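Here is a friendly briefing to read with the model open beside you.

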Amino acid sequence: MKDFPYTESKDTRSGFGAGLQELGKTNPNVVALCADLIGSLKMDAFIKDNPERFFQVGIAEANMMGLAAGLTIGGKIPFTGTFANFSTGRVYDQIRQSIAYSGKNVKICASHAGLTLGEDGATHQILEDIGMMKMLPHMTVINPCDYNQTKAATIAIADYEGPVYLRFGRPVVPNFTPADQKFEVGKGIVLNEGTDVSIFATGHLVWKAILAGKLLAEKGINAEIINIHTIKPLDAQLILESARKTRCVVTAEEHQMNGGLGDSIAQLLIREEPLPLEMVAVNDSFGESGTPDQLMEKYGLNEQAIVAAVEKVMARRK
Amino acid sequence: MAQDSSFAASAETHAPTPTRSVDDLKQIAAQVRRDIVRMVHAVNSGHPGGSLGCTDLLVALYFKVMKHTPEPFDMNGIGQDLFFLSNGHISPVFYSVLARSGYFPVGELATFRKLNSRLQGHPATHEHLPGVRVASGSLGQGLSVAIGAAQAKKLNNDDRKVFVLMGDGELEEGQIWEAAMYAPHHKVDNLIAFVDRNGQQIDGPTEKIGGLGDLRAKFEAFNWRVLETDGNDLEKLLPTIEEAVQLSGQGQPIMVLMDTQMGYGVDFMMGSHKWHGVAPNDEQLEKALQQLVVEKAGDY
């Protein structure tokens, strides 16, 4: 099992803020909108540098999505910022009609996704957003794993024509991917080559998959660990290559089983290469208040849960 | 179907002309109304009532007031006035006006609501119909989009205006009031919005269903500059639009409350919500066309 050294832990939302600041310097068409959550979304630096290119919308997310769609008419590249819950479920029809169906070049940037939002509880812990967004035709769905990758993804999507949902989170997590990485939309990243099982993880669960890989190595299991930062379009080629080699698959994500990464990979495998698959995801349940670590343990989203899923799927492998 | 000869051939002359007379506009409006009833009759579906009621506004904008370039169509519309239709169900009037001002062939109106058409039941960009800049149909979204487009114009130092039309029933949507609060706060003063105040919605009169109340007071309280006019009398409507354009650029968005009659121009369709989303039968179509007289008929 490869080692993944890191010198600091940071929140992915700060990676978004850093990427947006960078875009402020390099791309004059980038504009940003926020629904009263500048601090939470780490948009301060962009706003300080480009006050004329920032729109404070207030607590009016539906209006924000419409404004963003309108700003594209005139060549702007709007980045909207609010919590993942208010970026998706609250404004689904606005995104569907004014952005996705209309083919608008809007980047929907969503922080505080999933259980790791923590103590605020289930009203704010959206676990259905990937599913809602990936069902929209032509919507790209990205869930990077750490600060550096979120920064790189933020910068990359400005040059990626079409609507994008960029999902990130609140807690600090190990920042282990390269600072100089080039983010390629739709291209999975093999973190550890292995032969016994393929673990496809996204977002915060990528680091948990690495921790699980170490535990599995101690048990003599050689796991292939792949970071699927783009849920849609899915890197079908990479996933199938790995699955055909290992003959069994575990998916891991901070999302409902219904509609998430596991669901996408299950659909792919059942069509192309039926193989046993186990999902580490929330099983048809809302979240609740607690610390991020407590919640990830209670809802089965940590390295132990991944190890258990690997053992189960390997036992099912023919 | 006969490809329109007179209007298609003269599409260029119907390009926006500030000097066009009211009489000319009335002729164009009558032709547009003929298109509307024929389009919805042909597929036995669609929304004639609101379309007929808003014909005078769209004709005034597209054939006199707005500076726009139908061909080639440019989505970004830099240097052009833009129009957004928020109440997308009145697509028949929108399509007729777009076609007759040169965005696409008038004959294509015959494909309205049919399979593989660019003229979807509600306006869409998905099939790349020139002249449509955003999908609408699910109500309440167009004002926000128009404000965004107006702000993009400001960023681009583009001094042209953005026009948007909403239905009055549509004002029951919450997003409208989010947008209504935003635009004056951000001094979006290159925006001229219209409300089609026909007082009708699907289930009956707006005052019975939603209780819209005093719209002037409401929008003034939100710090809009509010004008009122008769939306079916070009002699009154045109000066009001002119006034609205003159009032723009002064720190406030402009709201024009436009009294109209649903079904205007066809006596048996007027003033009732019954014709919101019902197509005329053969006999009713004949009756309607008899009332919509054009000197130089140019049906598609």
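At what angle do helix α9 (residues 205–218) of chain A and helix α13 (residues 303–316) of chain A pack? The angle is about 55°, and their axes are 8 Å apart. This is a predicted model, in which local features need pLDDT of at least 70, side-chain atom pairs count only at pLDDT 80 or more, and totals for chains, interfaces and linings use all residues. Residues are numbered from 1 along each chain as its sequence is written, while chains are lettered from A and ligands numbered from 1 in the order in which they are written.

- The angle makes α9(A) oblique to α13(A); angles under 35 degrees count as roughly parallel, over 145 as roughly antiparallel, 65 to 115 as roughly perpendicular and the rest as oblique.
- Axes here are lines fitted to C-alpha atoms, for helices over the stretch in contact, and angles run from 0 to 180 degrees between N-to-C directions.
- Helices (H or I, at least four residues) and strands (E, at least two) are DSSP runs, numbered from the N terminus.
- From α9(A), Lys208(A), Ala209(A), Leu211(A), Ala212(A), Leu215(A) and Leu216(A) meet Glu303(A), Ile306(A), Val307(A) and Val310(A) of α13(A); two residues are in contact if their C-beta atoms, placed from the backbone, lie within 7 Å.
- By class, this contact of α9(A) with α13(A) holds eight nonpolar, no polar and two charged residues; Ala, Val, Leu, Ile, Met, Phe, Trp, Tyr, Cys and Pro count as nonpolar, Asp, Glu, Lys and Arg as charged, and the others, Gly among them, as polar.

**Domains of chain A**
- Chain A is divided into domain 1 (10–174) and domain 2 (189–316), with bounds that come from an automatic or database domain assignment.
- The centres of these two domains of chain A, taken over C-alpha atoms, are separated by 25 Å.
- Domain 1 of chain A brings 28 residues to the contact and domain 2 of chain A brings 31 residues.

**Where chain B touches chain A**
- On the chain B side 28 residues are in contact with 22 residues of chain A.
- Both α6 (142–155) and α7 (174–185) of chain B supply at least two residues each to that side, and α6(B) gives the most, with 10 residues.
- The chain B side divides into 13 nonpolar, 12 polar and three charged residues.

**The pair α6(B) and α7(B)**
- Their axes come within 8 Å and cross at roughly 30°, and the two helices are therefore roughly parallel to each other.
- Leu143(B), Ser144(B) and Ile147(B) in α6(B) meet residues of α7(B), including Ile176(B) and Tyr182(B).

**Backbone details**
- A cis peptide bond runs from Lys232(A) to Pro233(A), with omega near 0°; Pro233(A) is in the loop between β12 (230–232) and α10 (236–246) of chain A.
- Glu71(B) and Pro72(B) are joined by a cis peptide bond too, with omega about 0°.
- His112(A) has a positive phi of about 60° although it is not a glycine.

**Confidence**
- Over residues 1–13 of chain B the pLDDT is below 50.
- The model scores ipTM 0.97 and pTM 0.96.

Notes:
pLDDT is the predictor's confidence in each residue, from 0 to 100.
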